[in-house]
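This report sets out how the secondary structure elements of one protein chain are arranged. The sequence and the model are shown first.

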Amino acid sequence: MIAPDLDLVLPEELGSLHFVGIGGSGMSGIARMMHARGHRVTGSDRAESPTVEALRREGIPVAIGHDAAHIDGAEALVVTGALWQDNPEYVAALERGIPVLHRANALAWLVRGERLVAVAGAHGKSTSTGMAVEALRHLGHDPSFVNGAVIQSAGTSSAWGEGELFVIEADESDGSFLLYDTAIALITNIDSDHLDHYGSAAGLEDAFFRFASRVRDTVVLSADDEATRRLAGRMHADRASGHPGPRVVTFGEAADADVRLTEIGAEGPVSFTVERGGISASGRLAVPGRHNAVNATGVVALLSVLDVPLAAAVAALDGFAGTQRRFESHGEADGVRLYDDYAHHPAEVAAALQTARSVVGAGRVIAVHQPHLYSRTQAMASEFAAVYELAADHTVVLDVYGAREDPIPGVTGALVADAFDDDAHVSYCPDWDDAARRVAEIAEPGDIVMTLSCGDVYRIIPQLRDALDGRIRP
């Protein structure tokens, strides 16, 4: 794993940039912003994709496959933490003395000097960032932004705006969020994850405390989450002891939240009511799921920091249509609705399956789970199994998407499948063709089939569609 350099002194100028793995939503967003500012940008990725095609249409050359020749003319290489260290482009850059920047370092360079709004947290970052961007645009602020997912209303994951605000999704997984000079932060929640990097839950919470303490103006955080409540307590104690620090604004369903979520209509597209200072306002999103009502409340609290009246803040979120790979519809096949979700932690899986339940009606929910990372699978196999067994009618488990990690002996998707109490609720299918056939055997018209993972599980959707459309039913 290649980590960001938290002590890197950024150069005044960056020349020609080559992005390795440019097709990722985060990488493509940064590449697009650099290109728009006049940098020569090239990239490479392992496969064709709609994102790669879009970058080419914008004038950014993208090669498929990785080869040392692709970095010819580059003055800096931009990489992600998922890059294997034997990647030929990375190796060639080291041999030639070409500076290598983690994507977070490149983003820190991009946003230097801007009034930065950073959205962090274990779950809901991309959606909350998308909500904030859409609301600010609706209110006439026209922010610049870089998100980890395409915002449906904007049709892109990044763009330059004319306003003074720059909104980013700030990643905590490898400490990247500590790089940014943040004016206002929104912290959605803190959950035990990425312990391969931090070593312990306490280490993760310490990193969030360092991130929050460095914010210049205001930190908006959840009043419902135990870890964020501890964080608020540490920040209040720090200020009480005489240390300067940002003010804290809380949101959520808790009775003591500064911006309180008082009502949720969770069937279908979610409606919600929030209250602040004795004033209440109600709104409706175009996406389902009670977790999105919570995300919306966090964004309303963020907007309150910017002196937006409550009713205007809620109205600015009206009809929010979501971000890609967050309960994203992929249409129907033989009467079965297909969805994809980025969920890769038990808490995220639970929220995604709850959302599916809110729209499936009399049908069933069939999950296709791709475990992400060997370390997470080893640590949380039983937690994943418990969530799926409770919330899905049947789960098809694929093999592990290792991303940046080397395999761990004995850790496969079978570890999750074997942790189910009732094996009638689960099928382990490491072969994707077998998985598609198994889904076609189980699913009936009216059901929802949902793929879940931040790996490449979405690529199985055409196989699922073909298997469903091609089956012969009595």
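## Model and domains

The structure is a predicted model. The domain assignment divides the protein into domain 1 (17-103), domain 2 (113-317) and domain 3 (328-470). Between the C-alpha centres of domain 2 and domain 3 the distance is 29 Å.

## The five-stranded sheet

Five strands make up an open sheet, ordered β3-β2-β1-β4-β5 and paired in parallel. At its edges stand β3 (62-64) and β5 (100-102), each of which pairs on one side only. On average, and with direction ignored, neighbouring strands of this sheet are turned by 25 degrees against each other.

The pairing of strand β1 (residues 17-20) with strand β2 (residues 41-45) is parallel and comprises four bridges. Within this pair, L17 is opposite V41 of β2. Helix α1 (residues 25-36) packs on the sheet and touches β1, β2 and β4 (76-79). The direction of α1 makes about 165 degrees with that of β1. Helix α2 (residues 50-57) also packs on the sheet, where it touches β2 and β3. The direction of α2 makes about 145 degrees with that of β3.

## The ten-stranded sheet

A further open sheet is formed by 10 strands with mixed pairing, in the order β8-β7-β9-β6-β10-β11-β12-β13-β14-β15. Its edges are β8 (156-159) and β15 (279-288); each has a single partner strand, so one side of each is left without a neighbour in the sheet.

Strand β6 (residues 115-120) pairs with strand β9 (residues 165-169) in the parallel sense, over five bridges. A118 has I168 in β9 as its bridge partner. Helix α5 (residues 125-138) packs on the sheet, with contacts to β6, β7 (144-151), β8, β9, β10 (184-187) and β15. The direction of α5 makes about 130 degrees with that of β7. Helix α9 (residues 290-305) packs on the sheet as well, touching β6, β10, β11 (218-222), β12 (247-252), β13 (259-265), β14 (269-276) and β15. Its direction makes about 150 degrees with that of β13.

## Further strand pairs of this sheet

Strands β7 and β8 run antiparallel and are joined by three bridges. In this pair, I151 is bridged to T156 of β8. The two strands β7 and β8 form a hairpin with four residues between them. In the turn, G155 has a positive phi of about 75 degrees.

With β12 it pairs in the parallel sense over two bridges, and G252 has R260 in β13 as its bridge partner. With β14, β13 pairs in the antiparallel sense over five bridges. Here the bridge partner of G265 is S271 in β14.

## Helix α11 with helix α12

The axes of helix α11 (residues 346-360) and helix α12 (residues 374-391) come within 9 Å and cross at roughly 10 degrees. An angle under 35 degrees counts as roughly parallel, so α11 is roughly parallel to α12.

On the side of α11, the contact is made by P346, V349, A350, L353 and R357. From α12 it takes in M380, E383, F384, V387, Y388 and A391. Classified by residue type, the contact of α11 with α12 contains nine nonpolar, no polar and two charged residues.

## Helix α14 with helix α15

Helix α14 (residues 432-442) and helix α15 (residues 461-470) have axes that come within 8 Å and cross at roughly 45 degrees. The two helices α14 and α15 are therefore oblique to each other. The crossing of α14 past α15 is right-handed.

In this contact, W432, D433, A436, R437, V439 and A440 of α14 meet Q463, L464, A467 and L468 of α15. The residues of the contact of α14 with α15 comprise seven nonpolar, one polar and two charged.

Technical notes
Residues numbered from 1 in each chain as written. Predicted model: local features only at pLDDT ≥ 70, side-chain atom pairs only at ≥ 80, totals over all residues. Heavy atoms only, no water. Axes fitted to C-alpha atoms, helices over the stretch in contact; angles between N-to-C directions. Parallel < 35°, antiparallel > 145°, perpendicular 65-115°, else oblique. Left-handed = near helix turned anticlockwise from the far one by under 90°. Contact = heavy atoms within 4.5 Å. Nonpolar A, V, L, I, M, F, W, Y, C, P; charged D, E, K, R; others polar. Pairing = 2+ DSSP bridges. Domains from an automatic or database assignment.
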